[in-house]
Amino acid sequence: MRAPAVQIRHYHDADLSAVIALWNEVLPPSAPHNDPATSIRNKLAHERDLFFVADAAGEVVGTVMGGYDGHRGWIYSVAVHPGHRRQGIGGQLLRRMESALVERGCLKINLQVRATNAGVIPFYQSLGYAVEELVSMGKRLYS
């Protein structure tokens, strides 16, 4: 049986429950700032047009969120449903985000991979991303 064609489109409000379900399945919740509903609400308030979904016959099977601060672009929340992996959907999502960031004048894109998800690094490398010798640091602004 052939997989349905996938359309990469902007996130719609009606996608909320499907995206939350996808993220709960494939993106491990590690902290309150990664809560799907909170992340989506915050994204929709800033650069809503940098939030894409992969739609297969009306079903959300993938997502990517991005950001651009005028200096660097960022890619967040790349997720593809396990039943739809290895069909090029992740690559399509990333290329669409890259195009949107280039349209804004972005010259460099960053993304982070959790150490526990290092197996995905070859996927990103196949799309031209490289491991950089950097130390990623963060600070949580909540207790």
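Helices (H or I, at least four residues) and strands (E, at least two) are here DSSP runs, numbered from the N terminus. The model is a predicted one, in which local features need pLDDT of at least 70 and side-chain atom pairs count only at pLDDT 80 or more, while totals for chains, interfaces and linings use all residues. Residues are numbered from 1 along each chain as its sequence is written, and side-chain values use heavy atoms, with hydrogens and water left out.

**Strands and hairpins**

- Strands S2 and S3 pair in the antiparallel sense over six bridges, where pairing requires that DSSP finds at least two bridges between two strands.
- Within this pair, Phe 51 has Met 65 of S3 as its bridge partner, and the hairpin formed by S2 and S3 has two residues between the strands, with Ala 57 in the turn at a positive phi of about 55°.
- S3 is also joined to S4 by six bridges, the two strands running antiparallel, and Tyr 68 stands opposite Gly 73 in S4.
- The hairpin of S3 and S4 has four residues between the strands, and Gly 70 in its turn has a positive phi of about 90°.
- S3 is largely enclosed by the rest of the structure, because nine of its ten residues are buried, buried meaning under 20% relative accessible area, exposed over 50% and partly exposed in between (1.4 Å probe, protein chains only).

**Nonpolar cores**

- A nonpolar core is a set of buried Ala, Val, Leu, Ile, Met, Phe, Trp, Tyr and Cys residues joined through side-chain atoms within 4.5 Å.
- The largest such core has 21 residues, of which Phe 52, Val 64, Ile 75, Leu 93, Leu 94 and Met 97 touch the most other members.
- Two or more residues of this core come from each of strand S2 (51–56), strand S3 (59–68), strand S4 (73–80) and helix H3 (89–103), and H3 gives the largest share, six residues.
- Another core, of eleven residues, lies apart from the largest one and includes Tyr 11, Trp 23, Val 26 and Ile 40.
- Leaving aside neighbours within four places in sequence, the contacts of Phe 52 (heavy atoms within 4.5 Å) include Ile 8, Tyr 11, Val 64, Leu 93, Met 97 and Ala 100.

**Pockets**

- A pocket is defined on a 1 Å grid over the protein atoms alone, as an open set of points where a 1.4 Å probe fits, with protein on both sides within 12 Å along at least five of seven lines; lining residues have an atom within 4 Å of a point.
- The largest pocket has a volume of about 1,900 Å³, and of its 46 lining residues Leu 27, Tyr 76, Ser 77, Gln 112 and Arg 114 are the closest to its centre.
- Helix H1 (16–26), helix H2 (36–44), S4, H3 and helix H4 (121–126) each supply at least two residues of this lining, with the largest share, seven residues, coming from S4.
- The second largest pocket has a volume of about 620 Å³, and is lined by 22 residues, with Leu 111, Gln 112, Ala 130, Val 131 and Glu 132 nearest its centre.

**Gln 7**

- Gln 7 lies in strand S1 (residues 6–10) and is partly exposed, with a relative accessible area of 46%.
- Not counting residues up to four places away in sequence, Gln 7 touches Val 53, Ala 54 and Asp 55.

Conventions
Points joined across faces, edges and corners; volume = space filled by probe spheres on them.
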